[in-house]
Amino acid sequence: MAVLKKSVAHLSVGVVAERYDNTPSTVFVLAHNATKELLVIRRAKQPGYGLLGLPGGYQMRGETWQEAGARELLEETGCYLQPSFLEFVSIRTDEC
């Protein structure tokens, strides 16, 4: 799995902001159990704080979409899934 590269930038107002080396691509994981119940998360940050959502996030540079999906699933739920087990479902772009 690709290594998460993260750096910290100090802003002039004294706030620390994290910067990630990610691409503009995002991945979301549709995971279910044996009885087809969908795994969802409760969002801990804005946008959508407190709402239910799918595990997912940005794809980091050097990661495949499968590695990004498996990493996000692990980070947000604690569930490990081998990246090769993920199957492509859909793609959406902002292009017309």
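The model is predicted, so local features need pLDDT of at least 70 and side-chain atom pairs count only at pLDDT 80 or more, while totals for chains, interfaces and linings use all residues. Residues are numbered from 1 along each chain as its sequence is written, and side-chain values use heavy atoms, with hydrogens and water left out.

View A. Of its 23 lining residues, T26, V27, F28, V89 and S90 are the closest to the centre. Strand β3 (22-28) and helix α1 each give two or more residues, and β3 gives the most, with five. By type, the lining divides into 13 nonpolar, seven polar and three charged residues. Helices (H or I, at least four residues) and strands (E, at least two) are DSSP runs, numbered from the N terminus.

View B. The structure holds three salt bridges (a side-chain nitrogen of Lys or Arg within 4 Å of a carboxyl oxygen of Asp or Glu). R71 pairs with E63, with the closest N and O atoms 2.7 Å apart, and with E72, at 3.0 Å. R71 also meets E75 at 3.2 Å, N to O. R71 and E75 are four residues apart in helix α1, so about one helical turn separates them. Shared partners join E63, R71, E72 and E75 into one network. Both E63 and R71 are buried, E72 is buried at 6% relative accessible area, and E75 is partly exposed at 46% (buried is under 20%, exposed over 50%, partly exposed in between; 1.4 Å probe, protein chains only).

**View C. An aromatic pair, W65 and F88.** Here is the one aromatic pair counted (rings of Phe, Tyr and Trp, its six-membered ring, with centres within 6.5 Å; planes under 30 degrees apart are stacked, over 60 edge-to-face, the rest tilted). The ring centres of W65 and F88 lie 6.1 Å apart with planes at 70 degrees, so the pair is edge-to-face. W65 sits in helix α1 (residues 65-77) and F88 in the segment after α1, 23 residues apart. W65 is partly exposed at 32% relative accessible area, whereas F88 is exposed at 52%.

Notes:
On a 1 Å grid over the protein atoms alone, a cavity is a set of points where a 1.4 Å probe fits but cannot get out, and a pocket is an open set with protein on both sides within 12 Å along at least five of seven lines; lining residues have an atom within 4 Å of a point. Ala, Val, Leu, Ile, Met, Phe, Trp, Tyr, Cys and Pro count as nonpolar, Asp, Glu, Lys and Arg as charged, and the others, Gly among them, as polar.
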